[in-house]
Amino acid sequence: MNGGPSREAPPRAWQRMLSGRRLDILNPSPFDVEIEDIAHGLARVARWNGQTRGGEIFSVAQHSVAVADIVALIEPAAPARWLLFALLHDAPEYVIGDMISPFKAALGGVYHEVESRLAQAILQRFALKPEPPAALARLTKRADRISAYFEATLYAGFDVGEAKTLFGAPNFAFERVAPLFAAVAPEAAQAAFLQKFAEIEGRL
């Protein structure tokens, strides 16, 4: 009987993707990031922890497309790389899911470190700068909050006053973006995300 110290194998830190890639969640490589895996995962992750009205979830894939399109609406001259950054702004959630802001705050540094590593690998995979220009970060955040406002009032049970307090009020009519906020099945959300990616990629 071996009396030496036991050496347990370290816990598995990778996830097998449907593409066949093994993505190390703690030390992700851009070579293991595939847009098809991102689209598949995000289309099956529910916004608002699934606490939404209707028979279909409102997915992170739909939210991502909405943010990219709202960026283009706010800033028609936005370069394609800015739109790609907006489309991928929540891409780490294809691995770690969509946690609501209060839970992220409770988890603190560990969550943000894992999220940051995944984000950096994704940005590197698609030849985007690890730190976006300040103007792009502000624009993406503005579009993100506009999308959140519409999602909150349409699906998540927020009244208009509460949503305005938390996310601000959009400065354009809902009719301009209404098609972006129709809940659809995961397969349709996945296809829309990939279509938007291909559209942007064609402009790079």
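## Two helix pairs, worked through

Helices α2 and α3 are roughly antiparallel to each other, and the first exercise shows why. The model is predicted, so local features need pLDDT of at least 70 and side-chain atom pairs count only at pLDDT 80 or more, while totals for chains, interfaces and linings use all residues. Residues are numbered from 1 along each chain as its sequence is written, and side-chain values use heavy atoms, leaving out hydrogens and water.

**Exercise 1.** Work out how α2 and α3 are oriented to each other.

*Step 1.* Find the helices: α2 covers residues 60-74 and α3 residues 80-87 (helices are DSSP runs of H or I, at least four residues, numbered from the N terminus).

*Step 2.* Take the angle, about 150°, with the axes 7 Å apart (axes are lines fitted to C-alpha atoms over the stretch in contact, and angles run from 0 to 180 degrees between N-to-C directions).

*Step 3.* Angles over 145 degrees count as roughly antiparallel, therefore α2 and α3 are roughly antiparallel.

**Exercise 2.** Which residues make the contact between α2 and α3?

*Step 1.* On α2, pick out Ser64, Val65, Val67, Ala68, Val71 and Ala72 (contact means heavy atoms within 4.5 Å).

**Exercise 3.** Repeat the orientation task for α7 and α8.

*Step 1.* The axes of α7 (residues 134-154) and α8 (residues 160-167) come within 10 Å and cross at roughly 160°.

*Step 2.* Therefore α7 and α8 are also roughly antiparallel to each other.

*Step 3.* Look at the ends of α8: at its start, a side-chain oxygen of Asp159 reaches to within 3.2 Å of the backbone nitrogen of Gly161, and α8 is followed by Gly168, with a positive phi near 85°.

Conventions
Angles under 35 degrees count as roughly parallel, over 145 as roughly antiparallel, 65 to 115 as roughly perpendicular and the rest as oblique. A polar contact is a pair of N or O atoms within 3.5 Å; within protein, one must be able to donate a hydrogen and the other to accept it, and residues adjacent in sequence count only if both atoms are side-chain atoms.
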